[in-house]
Amino acid sequence: AGTGSPLKDDDALLLMARASLNEGVKLLRLEGSATIKKIKGATNAVCIGLIKSSYEDSEVYITPTAKEVDELIATGCEVVSIDCTDRARPGDEDLCALIRMCHDAGRLVMADCDTFGAGQNAVAHGADILGPTLAGYTPDSRITLGPDLATLQSLLDLGRPTLAEGRYHEEWHVEAALRMGACGVVIGGALNDPVKQTRRYLSAAQRHQRPVAAFDLGGTWMRFGLFSPSWELIESDWVSMPASHTKRLDWMNEKVERARVDRAGVSSGGIIDPVSGQVISAKEIIPGLEKASLKLAVETFAINDGLAQAWGHACYPLF
């Protein structure tokens, strides 16, 4: 349970754990020694244990030191989860020594990784299980809208049992991870955090109250549309495709500034990262587009034009 959540209560967490176990969940990933003792003692479930602790001299907070490892071993959890990212630990504690502590006590170690490099380091130090738990939460990794399947695949390539984890909230996410070779999927907020889920659905229910700019990059032209919160077209314009990408961005940003909007959508050919707005790959029909950014001076959502058309029809099925 998150800080300040009404569910930050071991009795409430025990009820949710039982609900999951009754439906066939095979193991639990639990935070905090008191919570682990309470739930494991009542259910006898196999547990991955971790303790989140903050230290002033380190950004590592998932089982960062020997103190937390000792506490977890005392809970009886079968697996100890440890941050294995390439970051200095509090007091410069040694990751290899922490893993050795767990093994000496007969416990397995799950390495919470953010990148392929962290996975390599964890394997070299003897970690038993890998997981992309921290992918998207460190400076060395990038956030994805859903699970980071690319990082999951890189960890699977290391040949250790790997649990998929991080932003799994759709059925197809689970299917994809298992088909890729993950030995299981850890699901947190999507199952056990009604606070997070309530925010998610309320956000989906809210309509943006200001007009939104929309751009379409074609092969020989660019189009602009200004839409009301009710999807009504307020104004439109087009221009022959500028030769340079800088001039394309200038034209779009000029439209954004003149319309005084705070959001824009961009559709374009190519494979586009909707979070960063970068065109990952594109055909030469639009010179200079590949590897370019489609981020504008306001909040921007960029997507492939075919996907944009499909998404538009799905969201506005009136034709």
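1. Start with the unit built from strand 3, helix 4 and strand 4: in this predicted model, these three make a right-handed β-α-β unit. Strands 3 and 4 run parallel and are joined by 5 bridges. One spot to look for is Val-79, whose bridge partner in strand 4 is Leu-108.

2. Strand 2, covering residues 46–50, pairs with strand 3 in the parallel sense over 2 bridges. Here Gly-49 stands opposite Val-80 of strand 3. To get from strand 2 to strand 3 the chain passes through helix 3, and this β-α-β crossover is right-handed too.

3. Is strand 3 mostly covered or mostly open? It's mostly covered, with 5 of its 5 residues buried. In a regular strand, side chains alternate between the two faces of the sheet. For strand 3, Val-79, Ser-81 and Asp-83 sit on one side, Val-80 and Ile-82 on the other, and all of them are buried.

4. Ile-82 also turns up in the largest nonpolar core, which has 30 residues. Along with Leu-28, Ile-39 and Ala-111, Ile-82 touches the most other members.

5. Which residues does Ile-39 contact, if you skip its neighbours within four places in sequence? They are Leu-13, Leu-14, Ala-17, Leu-28, Leu-30 and Asn-44.

Notes. Residues numbered from 1 in each chain as written. Predicted model: local features only at pLDDT ≥ 70, side-chain atom pairs only at ≥ 80, totals over all residues. Heavy atoms only, no water. Core = buried A, V, L, I, M, F, W, Y, C linked by side-chain atoms within 4.5 Å. Buried < 20%, exposed > 50% of the residue type's maximum accessible area, 1.4 Å probe, protein only. Contact = heavy atoms within 4.5 Å. Helix = DSSP H or I, 4+ residues; strand = E, 2+ residues; numbered from the N terminus. Pairing = 2+ DSSP bridges. Right-handed = clockwise from strand over helix to strand, strands pointing away.
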